[in-house]
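Here's a quick tour of some side-chain contacts and surface features. Have the structure open and follow along.

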Amino acid sequence: MVIDMKKTPWILLILSVLLIAWGIEDFYHYAVIGQKLLQHYGGEEAINSLVNYSLVNGVIKVILGVFLITICYFIRKKKK
């Protein structure tokens with residue numbers, strides 16, 4: 001499989017936007033659904049870890065998305 005290097009920055013940009021959107025969705029799940037679960041089942045350790053896992057996943061996805069955007073920027077800058 002050969003990857004066209006001219007399309008690589010655009011592919012990375014699309015992937016990073018999708019990754020950031022996915023991370024924002026995890027933040028939404030943490031803020032809305034997770035908080036409701038904690039109100040009802042706050043004493044359960046499994047619920048606490050699942051809610052915190054959603055927050056950590058969201059942070060990691062957004063950081064990776066921003067990292068991919070910076071890589072895309074440097075690749076496009078290098079080509080000019």
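## The aromatic pair

Start with Tyr73, which counts as partly exposed because its relative accessibility is 48%, and that falls between the 20% and 50% cut-offs. Keep in mind that this is a predicted model.

Search the whole structure for aromatic pairs and you get one. Its members are Tyr73 and Phe74, arranged edge-to-face, with 5.4 Å centre to centre and 65° between the planes. Phe74 has a relative accessibility of 52%, so this residue counts as exposed, the cut-off being over 50%.

## Lys61 and its partners

Now over to salt bridges: a search of the whole structure turns up one. Lys61 and Asp26 make it through their side chains, at 2.6 Å from N to O. This pair ties together distant parts of the chain, since Lys61 belongs to helix H2 (residues 45-79) and Asp26 to helix H1, 35 residues apart. In general, side chains of opposite charge can pair when their charged atoms come close.

Are Lys61 and Asp26 buried or exposed? Both are buried. Lys61 also has an aromatic neighbour: its charged end sits over the ring of Trp22, 3.6 Å from the ring's centre.

Ile11 is part of helix H1, which covers residues 8-41.

Note on methods
Residues are numbered from 1 along each chain as its sequence is written. This is a predicted model: local features need pLDDT of at least 70, side-chain atom pairs count only at pLDDT 80 or more; totals for chains, interfaces and linings use all residues. Side-chain values use heavy atoms; hydrogens and water are left out. Helices (H or I, at least four residues) and strands (E, at least two) are DSSP runs, numbered from the N terminus. Rings of Phe, Tyr and Trp (its six-membered ring) pair if their centres lie within 6.5 Å; planes under 30 degrees apart count as stacked, over 60 as edge-to-face and the rest as tilted. Buried means under 20% relative accessible area, exposed over 50%, partly exposed in between (1.4 Å probe, protein chains only). A charge sits over a ring if NZ of Lys or CZ of Arg is within 6 Å of the ring centre and within 35 degrees of the ring normal. A salt bridge is a side-chain nitrogen of Lys or Arg within 4 Å of a carboxyl oxygen of Asp or Glu.
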